[in-house]
Amino acid sequence: MDIFGVLTLLGGLALFLFGMSIMGDSLTKLSGGKLEQILEKLTSTRLSAVLLGTAVTAVIQSSSATTVMVVGFVNSGIMKLSQAVGIIMGANVGTTVTSWMLSLTGIEGSSMVMKLLKPSSFAPILAAIGIVLMMFSKKEKSKDIGLILLGFTVLMTGMESMSNAVKPLADDERFTHLLLLFKNPVFGIAAGAVLTAVIQSSSASVGILQALCKTGAVSYGAAMPIIMGQNIGTCVTAIISSIGAKKNAKRAAAIHLYFNLIGTTLFLIVFYGINAIVRFDFIDKSVNAAGIAIVHSLFNIASVVVLFPFANLLVKMAKMTIKVEDEHASNEITMLDERFLEQPGVAMEMSKKEAIRMAELTKEAIVKAMSVLFNYDKKVAEQVIELEQKIDKYEDAIGSYLVKLSARDLSQNDSRSMSVILHTIGDFERISDHAVNIVESAKEIEDRELEFSKKALKEITIFSEAVLDIVDRSVEAFINEDYEMAKKVEPLEQVIDSLNIDAKQHHIKRLRKGKCTMELGLVLEDIITNFERVADHCSNIGICMIQINDDGYETHEYLEIIKQERYPWFEEEYKELSKKYSLSKDKDSDKKKKKNKKNDKSSKDKDKNSKDKKKEKKKNKKNKKKD
């Protein structure tokens, strides 16, 4: 092979790897992370775990990617080690799909059907369809399908280019002599392991071996140890990924390694033991691309069948090997694992879960802060401060993680979810800050032995109920991605603004009448200001969800439209909430009672007068008769 042949080979390899990357990434994006999410939910039985591992790997075209995800799931505590074993086994079977797909390049024949089955015949058609979808379709899914077709075409073009580049090696004695060395199982396994470890993909290394088969110089005897070595080499990716992870994540990587090592050892002992007694004739025969796919599939399926009953033993071996306790086991935000960044759909799902946890902690902080306000408890107050510190960590971790994720190719839905989370985590963090402020006001009341008047206490109670309601609405809307609930946040925020004004006016009246002190007034001012600020941040969360979902208004623009146009649904909700959380409702009820009493009294007087008149008439009639 001359220098131009080498360049063609390198170019073909580059196209092959690039096509595989595009196709795998597009398939992952098209699935929207759903297949990967299934892994963490439907792995209750080991058999289902094997089947799911096979399916996911077949779709994303990479056993390494699946195994790295498993390491991430185990590291995050989402998945148990016993569940991970089945998925790892299934990943080894799923990766054989690529070798069958690549074996199409070896199809030969002069008939029309055989010609149509060759990639060189149908790949250009797929490329044409793919480029049309990419350029003219507005739907995101259609564009992803177009990329998959283009990736497949580039992959097959690279495969053809590599195959054509290595054809001259068939007559090269040095190349033939090198392949004879690989008949030695040790050399063959080492070569396959090193090649796979370097390119980080067993599917790609199998594809390269299938391309070399075009020379006709590769025998079954040389190919089989290389294939087994490739399975060992693919473990390197998971091992590298487990560095710095928790002990169970390291054990998951160890299980992957042990599974392939034991499978290879058993295969070598059984196959070469039988071969020593009964000589297999096919060992010295040339292998083609389809033969490589058969050997690859049989080896991996046989390994799963043999080792499946001993899965628990693999777990015990991993636990015996890795006993060191992890130093970072106390970290709470475990789902934001950087391993998931390679699978954006999974990474986004993990981010949502952590953001939901942050929202729940924020709600918990406000509820506890309100309870302390009416019944001070030092332990509960300390819990609110601890929650606020946790929420600060969540904001930093989620924000940093999403910035890294934003550089990846995300689906439209994932991009929308990312925007909502990035815009709202700051508001959740500020709500927790106000919860701490409320606790500080409660402590001040306790320390100074202050006491609100009954009317002031009633007003604070009504105000706090409205604030808890708006927090509940905004958190529920965020967690469930409920945009209808998000619309119900703003009317309540407007009511709370009115409550803020009313509470201050009532306080001034009590101050004038001498029913309240300046000292209490300052504390009350702090409390209702924090209440109003919490409502503002809840409003930000609701409006952010609406505007991102509608791809429409800016926050201020949306508020202006609501204030100017006053939609019927908004007016109806506002009036209902105004009645529910009115600070004057007690006064109104008292007035009604007094009025009713007065009316009752006047009606009684009227009845009495009418009776007296009737008696007088009767008396007059009697007197007339006497006369």
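**Entry 1: what kind of model**

I noted first that this is a predicted model. Everything below is read from that prediction.

**Entry 2: the largest pocket**

I started with the largest pocket. How much space lies in it? I found about 790 Å³.

Next I looked up the lining. It is made of 36 residues. S21, D25, A65, E342 and Q343 are the ones that lie nearest the centre of the pocket.

Which helix gives the largest share of the lining? It is α1, with eight residues. Helix α1 runs over residues 3-31. I also listed the helices that supply at least two lining residues each: α1, α4 (63-76), α9 (140-166) and α18 (344-374).

I then sorted the lining by residue type. There are 12 nonpolar residues, 15 polar ones and nine charged ones.

**Entry 3: a nonpolar patch on the surface**

I stayed with the start of the chain. I3, F4, V6, L7 and L10 make up a nonpolar patch on the surface. Together they have about 510 Å² of accessible area. I checked the place of L7, and it lies in helix α1. That helix also supplies eight residues to the lining of the largest pocket.

**Entry 4: salt bridges**

I searched the whole structure for salt bridges. How many turned up? The search gave 14. Side chains of opposite charge can pair when their charged atoms come close.

*D472 and K363.* Their side chains form a salt bridge, 2.5 Å from N to O. This pair links distant parts of the chain, with D472 in helix α21 (residues 454-480) and K363 in helix α18, 109 residues apart.

*R430 and D433.* Here the side chains meet in a salt bridge at 2.8 Å, N to O. Why are they about one helical turn apart? They are separated by that much because they are three residues apart in helix α20 (residues 412-448). R430 is partly exposed, with 35% relative accessibility. D433 is buried, at 15% relative accessible area. For D433 I used the cut-off for buried, which is under 20%.

*E573 and R473.* The closest N and O atoms of this salt bridge are 3.0 Å apart. E573 is in helix α26 (residues 568-580) and R473 is in helix α21, so the pair ties together parts 100 residues apart in sequence. Both E573 and R473 are buried.

*A network.* Which residues are linked in a network of salt bridges? I noted K183, R279 and D284.

**Entry 5: positive phi**

I looked for positive phi values in residues other than glycine. I wrote down two glutamates.

E449 has phi near 55 degrees. Where is E449 found? It sits in the loop between α20 and α21. E449 counts as exposed, at 73% relative accessibility.

E481 has phi near 50 degrees. This residue is in the loop between α21 and α22 (483-487). E481 counts as partly exposed, because its relative accessibility is 38%. The cut-offs I applied are over 50% for exposed and under 20% for buried, with partly exposed in between.

**Entry 6: pairs apart in sequence**

I ended with two pairs, checked C-alpha to C-alpha.

K455 and H507 are 52 residues apart in sequence. In space they are 9.7 Å apart. K455 belongs to helix α21. K455 is partly exposed, with a relative accessible area of 48%.

K363 and L468 are 105 residues apart in sequence. Their C-alpha atoms are 8.3 Å apart in space.

Terms used:
Residues numbered from 1 in each chain as written. Predicted model: local features only at pLDDT ≥ 70, side-chain atom pairs only at ≥ 80, totals over all residues. Heavy atoms only, no water. Patch = residues over 30% accessible without salt bridge, like charges linked within 9 Å, V, L, I, M, F, W, Y side chains within 5 Å. Areas by Shrake-Rupley, 256 points an atom, 1.4 Å probe, with all protein chains shown as cover. Salt bridge = Lys/Arg side-chain N within 4 Å of Asp/Glu carboxyl O. Helix = DSSP H or I, 4+ residues; strand = E, 2+ residues; numbered from the N terminus. 1 Å grid on protein atoms, 1.4 Å probe; cavity = no way out; pocket = protein on both sides within 12 Å on 5 of 7 lines; lining within 4 Å. Points joined across faces, edges and corners; volume = space filled by probe spheres on them. Nonpolar A, V, L, I, M, F, W, Y, C, P; charged D, E, K, R; others polar. Buried < 20%, exposed > 50% of the residue type's maximum accessible area, 1.4 Å probe, protein only.
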